[in-house]
Amino acid sequence: MVTAGTMLLASAAVAVALPAGAAAAGCAANYAVSSQWQGGFGANVTVTNLGDPITNWTLTWSYGAGQTVTEAWNATVAQSGAAVTARNVSYNGAIATNGSTSFGFNGTWNGSNPAPAGFALNGVACTGGTVPTTSPSTSPTTSPTTSPTTSPPTGPADISVNSATRYQTIDGFGAAVSIWGGAWSTAETQTLVGLGPNQLGLSIVRTGISPVSSEWSTQVNALKTAKSYGSGVKILATPWTAPAAWKTNNSRTSGGKLKPEYYDDYANHLNSYVQYMRNQGVPIDVTSVQNEPDWHPDYDSMDWSGTELETFVRDQGAKVQNTKLMVAEAVNMNYSYTDPTLNDASARNNLGYVGGHLYGTEAAGRLKPYSLADQYHKPVWMTEWNLHAADGSGSNIWGDPGNQAVWNETLDDIMRTVHKSMESNWAAYVWWYGKRYYSFIGDGDAAYGTVAGAPLKRGYAFSQYAKYVRPGYQRVALTKSAKASPLEVTAYQGGGKITLVILNRSTSAVNNAVIQVPQNVTKAEYYLTSQTANAASQPVGVNGGQVSVNVGARSISTVVLTL
């Protein structure tokens, strides 16, 4: 049975030097079944152009077991018998040399669903190499040589990793399920937390704690799938409000404080949720006391001061068992909501994590190490941010993987703040909804052009951290040469690997960047997301403890080095 992660033709890009004037053509193709059910399946295809730049493309292949494509996105797909033809749509026809594009589709199967064979791009077989598209007028005077992009590195390092100097331990990267709506499907959850092709590798899932216990079952299946299908996935559970009868305004909405005489009831309420989920096979790793105690909108919310939070955690925190408590998820990481608990030894003993949201945090000067939390060894999590200003008046741009406004916001705002959060010694970065038209997978909202469950550009970019920097890794030190100065780089060690995430927000590539690590490298992998590529495998050269990579302009990439 074909399962999520089945892959075909994961070809290494090996280029051949061609005679002057001869055009090069070549490609590699990845075919991955992202989900499968009785009689149906979903698949994603990523094609990498290894030859000269192209402006339009046609990809062909043949099925061998009677599969049929029923609908597609990011490509126009037609089928005649076993033969399938996929053509670019208006916004993704151009593929640069070593660039990639992706599309997806749903199909039917009967009996078996083997991966197809015989991929060809514009009539050229996808073998992982390049050939001239025209014969040279004269014979070459020298033998072909390998491209510099795959040559072993030599010379001084541009990025030197110092794994002896260590910083925070990473807890993970994640997103929230719908707090008031429906749950992720099994296939959507697998796409978000899985580690296979076209899966995003999230390792934290945030969920809400309803004040109404009859609503707790809504997210059980999605959370159970995340725990069982993902690797080391943590669940963060956050309440927006206590039951209305326990509050000073007698309402779930518009703030209102929890009456002190109900502090113990609220602790028991949180504990009941944790034990309910535990009995459903969903251990809750972290339980927050309150979402945004400093924000009182006309939806579920509750008001606390920092001193009130300290009192609750000190006197009631031990009642919430089989989990670790978090405060305070304030809107802009406002220390006045967390300092009192950190400074109270009794309260601090009941505290596992410090949390905060990114709204206004950078402007307030708090996108930096939180020294008091570091002093008491309490990991800091960024647990919510939501930005989609790129759509302006709501134009239909989110389903277009090559849209420049979407890519600029993703790279310059979201990925940049992930980088800065890591440099700030924070242990986790959790986005808002994982399934939304502006997020990691589409929600099928026709007004925004996304397909429900299909990975979006923002998801591929975020996966450059989430999928490869795993829970338990430690951030380590590095230095950069002048050549590498435009790059924003963090490095991590764990699982017998050193992993580097590289942001290049400049408009120029940094080619043949040499990375030096303390030990010899036995395996090197390199993945890149840009406006035209989605976590696409890239060439990498290896020589002892050095590797060389080409860092594309306006890209985020990940180097995974097995030692």
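**A walk through the predicted model**

Start at Ser163, which touches Val476, Gln493 and Pro518, leaving aside residues up to four places away in sequence. Touching, or contact, means heavy atoms within 4.5 Å. Ser163 sits in strand 12 (residues 159-169). Strands are DSSP runs of E with at least two residues, helices are runs of H or I with at least four, and both are numbered from the N terminus. Ser163 is buried, with a relative accessible area of 14%. Buried means under 20% relative accessible area, exposed means over 50%, and partly exposed lies in between (1.4 Å probe, protein chains only).

This is a predicted model: local features need pLDDT of at least 70, side-chain atom pairs count only at pLDDT 80 or more, and totals for chains, interfaces and linings use all residues. Residues are numbered from 1 along each chain as its sequence is written, and side-chain values use heavy atoms, with hydrogens and water left out.

Now turn to the helices. Two packed helices are described by the angle between their axes and the distance between the axes. Axes are lines fitted to C-alpha atoms, for helices over the stretch in contact, and angles run from 0 to 180 degrees between N-to-C directions.

Take helix 8 (residues 404-423) and helix 9 (residues 457-466): their axes come within 10 Å and cross at roughly 25°. That makes helix 8 roughly parallel to helix 9. Angles under 35 degrees count as roughly parallel, over 145 as roughly antiparallel, 65 to 115 as roughly perpendicular and the rest as oblique. The crossing of helix 8 and helix 9 is right-handed. A crossing is right-handed if the near helix is turned clockwise from the far one by less than a right angle, and left-handed if anticlockwise.

Which residues of helix 8 and helix 9 meet? From helix 8 come Val406, Trp407, Glu409, Thr410, Ile414, Met415, Val418, His419 and Met422; from helix 9 come Lys457, Arg458, Ala461, Phe462 and Tyr465. The residues of this contact divide into nine nonpolar, two polar and three charged. Ala, Val, Leu, Ile, Met, Phe, Trp, Tyr, Cys and Pro count as nonpolar, Asp, Glu, Lys and Arg as charged, and the others, Gly among them, as polar.

Next come helix 3 (263-279) and helix 4 (residues 306-316). Helix 3 and helix 4 pack at an angle of about 70°, with their axes 10 Å apart. They are therefore roughly perpendicular to each other. Helix 3 passes helix 4 in a right-handed crossing. Tyr263, Asp264, Tyr266, Ala267 and Leu270 in helix 3 meet Glu308, Thr311, Phe312 and Gln316 in helix 4. By class, this contact has five nonpolar, two polar and two charged residues.

Move on to Gly317, in the loop between helix 4 and strand 17. Gly317 is buried, with a relative accessible area of 4%. Gly317 touches Phe312, Leu325 and Asn350, not counting residues up to four places away in sequence. The C-alpha atoms of Gly317 and Ala347 are separated by 7.7 Å, and these residues are 30 apart along the chain.

Strand 17 (residues 324-330) holds Ala328. A cis peptide bond joins Val327 and Ala328, with omega about 0°.

Phi of Asn98 is near 65°, a positive value in a residue other than glycine. Asn98 lies in the loop between strand 7 (83-87) and strand 8 (100-108). Asn98 is partly exposed, at 26% relative accessible area. Phi of Ser254 is near 60°, again positive in a residue other than glycine. Ser254 is in the loop between strand 15 (234-239) and helix 3. Ser254 is partly exposed too, at 40%.

Finish with the aromatic rings. The whole structure has 34 aromatic pairs. Rings of Phe, Tyr and Trp (its six-membered ring) pair if their centres lie within 6.5 Å; planes under 30 degrees apart count as stacked, over 60 as edge-to-face and the rest as tilted. Phe173 and Phe462 form an edge-to-face pair, 6.2 Å centre to centre with 80° between the planes. This pair links distant parts of the chain: Phe173 is in strand 13 (residues 172-176) and Phe462 in helix 9, 289 residues apart. Phe173 is buried at 0% relative accessible area, and Phe462 is buried at 1%.
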